[in-house]
Amino acid sequence: MTALPAELPALPDWTTPVIAPSLVVAPGRPFMPVYADDDWSLTPLIANPGAKRVCIDWSHFPDSFREEMRLAAWMMINTALPASVLVGHPAWHPRLGPNGIHDTVRRWNRFAHWLTGQGLSTLAACKADTFTAYAAHRARRPEVVRDDASRELVALTRLWAFDAASAAPAGVPMPPWQQYGIDDYLPTAPAVGGGGENSREAIPEATMGPLLIWALRMVDDFAGDILTAQQDARRLTERAEHTAGTRESMARLARYLDQLVERGAPVPARRLKGEYQVSATYIAAQAGCALRQVSNHLRSERHEGFRDYVRRHPGPCPLPTPVTGTVDGQPWAAALDFTETPQLMRHLSTACFIVVAYLTGMRPGEVMALENCCCPEPNPPGRHLIYGRVFKGVLDQDGNHLSAGQPREVPWVAITPVVTAIRVLERIAPDGLLFDTAAHAIPRGRAATGRTIGFEAMRHRVEDFTAFASELALRLDRPQETVCADPHGAIGTARFRRTLAWHIARRPGRPGRPVRAPAHHDERRVRRPRPRRHPRTARHRDRPGHRRHPHHPPRRPHPGGGHLRAGRPARDPRRRPGTDVHRVDPHPPPSLRHSGQPRPDRLRQPARLPDVRLQPRPGPVPPPRHHRCPAARPYRPSCANIARTDQHADQLRQHAQALEKQAASEALPDPLADRLARRAEHLLGLANRHEHDRIALQEPPS
């Protein structure tokens, strides 16, 4: 039986915590559910500030299966998958993350409802034929693809494994695919789609171009106005909230409203749910009264028709903030409105996200996890670096995913617009995370929560910013800068990284290059297309002997000036064996370019070409290309084509032990001893990985 944490009993009671305290990784003191709760929050297992918070709802399970599956789920949360089940499944993790646990339990719920429809009321009544019938039932559904069907069957395998590992097993039989293989129980149609980043479409240039332009304008030109307007709006709000209600303040409010009606002037209002309503906070701050006095005064008999007057005469709520941002010399707004400040702050933080995500290539979770002071000023002056965290592929020593991630070993290089966006975010969220929900929520001013804006919320913010940018472009009479609709649907958050990779792969000088190199097991290089030959001038074509040999390869420009010739060296009757032609002087002095003096060490001296001399070849002369042996290039240890047996693993361990003995010798220099120790550690890691991932025909469960 798999060992439980020491602080948990073998069998839980109604007051037993769902998650062992030693497994809690969430910062602070998260809510801890108990075994009797119908809702099991998995937040204590989440340390990623941008990850989605999930919860298991047991009220949706059939009554006859709820308690049996509740115990199996409790075991899955607090224990690792037995080692005997992992044999032959190198891609499986001993422990699932919160999202994996939630998805597995959701599939158990679907299986329980199917069993209820089959007339079964307990897991012990399941047979091997029951699992086979359920696999066929799922495979027949048109919306189920091969990958999803595989996850469904793996979830049932975990149900059997954790039920058998519990102190009170329900008697779930072993699924037949665990013994005979899973391929025969999956749909024959190949899997469609895919969850990798390369399956995402790049954002079209007609959409990404204007979107990036307005995001940069928000960060560079409009951010100062918006942040100042936010401070002015906060001062007005505090004035309205802290003003005491007196008779004098009520009299001031009555005079303020009566003067507006007498002049027929518009009333400060805000649009809510499609209709205009009085902006009570702004009026209270302007009239110098308490906020509650505005509501009480409008409900009085004296102002029964005042709400209808507001609907007919709605007016703005201008702030005293000066507008300094411009677009080609034209102010981007006539005045900033009190009621629009929260939305402008929302658009500003979204623009910062777009700039950072697109111009750095970070994943959305990495952008959300950025903290204050993540981009310090370089000392000495130089490039700005961003120090963040990485979450993808971060595993512990047992191969389980680390929710908290780890600091990125190589920091991101930030260009000036990215640094400006980070400085704006540091003004919005001066403490903790740059995208903390407390700093970017409405209203603001709350303490930092340690959680960031969710991915779904940021997706909606990007769509709202797109609409705002197009509206602003039309208002400023710049229809050519409206953001075109994306034919692939919503822009989302993960497509910025994909779009940057698309443009990098197709930048000038790299025509047709893929984003990623082919997944070969050897370290071979992808041959680049030969560059086009430079056009020759008429003066050069008129020279005698300007034609080159048809087998000579073309010349390509050198980064430092001059030209380099690719391919085989030039042949010459004066060439001695063991020598090659090398260009040793890309920029010869003017005295030697057209001197006309014979040079004994030159083959020829045409104009505008670098110096050519005979240089000794460093090493033996290589044989002709068609006589060469195949090159023994280093192979990747993680290649799926590499196979090792138990005998190979034993040999690796023996060799590692021999290296460790050599490294322990006092007569060996320290650098060489360190190299041997690292090599021994690498060999032991390969042997241990083989022991964990080896494929066996069948092993009885322990």
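Contact, as the word is used here, means heavy atoms within 4.5 Å. The structure is a predicted model, in which local features need pLDDT of at least 70 and side-chain atom pairs count only at pLDDT 80 or more, while totals for chains, interfaces and linings use all residues. Residues are numbered from 1 along each chain as its sequence is written, and side-chain values use heavy atoms, with hydrogens and water left out.

Ser470 belongs to helix H16, residues 455-475, where helices (H or I, at least four residues) and strands (E, at least two) are DSSP runs numbered from the N terminus. Because its relative accessibility is 15%, Ser470 counts as buried, the term standing for under 20% relative accessible area, with exposed meaning over 50% and partly exposed in between, for a 1.4 Å probe and protein chains only.

Seen as a whole, the chain has 21 helices and 15 strands, and 38% of its 702 residues count as buried. Among the contacts in the chain with a separation of 6 or more, 64% come from residues 24 or more positions apart. Its accessible surface comes to about 40,500 Å², and carbon and sulfur atoms hold 53% of that area.

Two helix pairs show how elements of the chain pack. Helix H1 (residues 63-78) and helix H5 (residues 146-165) pack at an angle of about 90 degrees with their axes 9 Å apart, the axes being lines fitted to C-alpha atoms, for helices over the stretch in contact, and the angles running from 0 to 180 degrees between N-to-C directions. H1 and H5 are therefore roughly perpendicular to each other, a label for angles of 65 to 115 degrees, whereas those under 35 count as roughly parallel, those over 145 as roughly antiparallel and the rest as oblique. Met69, Ala72, Met75 and Met76 of H1 meet Leu159, Phe162 and Ala165 of H5, and this contact is made up of seven nonpolar, no polar and no charged residues. Here Ala, Val, Leu, Ile, Met, Phe, Trp, Tyr, Cys and Pro count as nonpolar, Asp, Glu, Lys and Arg as charged, and the others, Gly among them, as polar.

Helix H8 (residues 247-263) packs with helix H9 (residues 280-287) at an angle of about 110 degrees, their axes being 9 Å apart, and that makes H8 roughly perpendicular to H9. On the H8 side Arg252, Leu253, Tyr256 and Leu257 meet Ile283, Gln286 and Ala287 on the H9 side, a contact with five nonpolar, one polar and one charged residues.

Arg498 sits in helix H17, residues 495-505, and counts as buried because its relative accessibility is 15%. A polar atom of its side chain lies 3.4 Å from the backbone oxygen of Arg200. Arg498 and Arg363 are 135 residues apart in sequence, yet their C-alpha atoms are 9.5 Å apart.

Some backbone details remain, in the loops. The loop between helix H13 (364-368) and strand S8 (384-386) holds Pro380, and the peptide bond leading from Asn379 to Pro380 is cis, with omega near 5 degrees. Cys373 lies in the loop between H13 and S8 and has a positive phi of about 65 degrees although it is not a glycine; with a relative accessible area of 62%, Cys373 is exposed. Asp328, in the loop between strand S6 (326-327) and strand S7 (330-331), has a positive phi near 55 degrees, and at a relative accessible area of 65% Asp328 is exposed.

Notes: Accessible areas come from the Shrake-Rupley method with a 1.4 Å probe; for residues, only the protein chains shown count as cover. A polar contact is a pair of N or O atoms within 3.5 Å; within protein, one must be able to donate a hydrogen and the other to accept it, and residues adjacent in sequence count only if both atoms are side-chain atoms.
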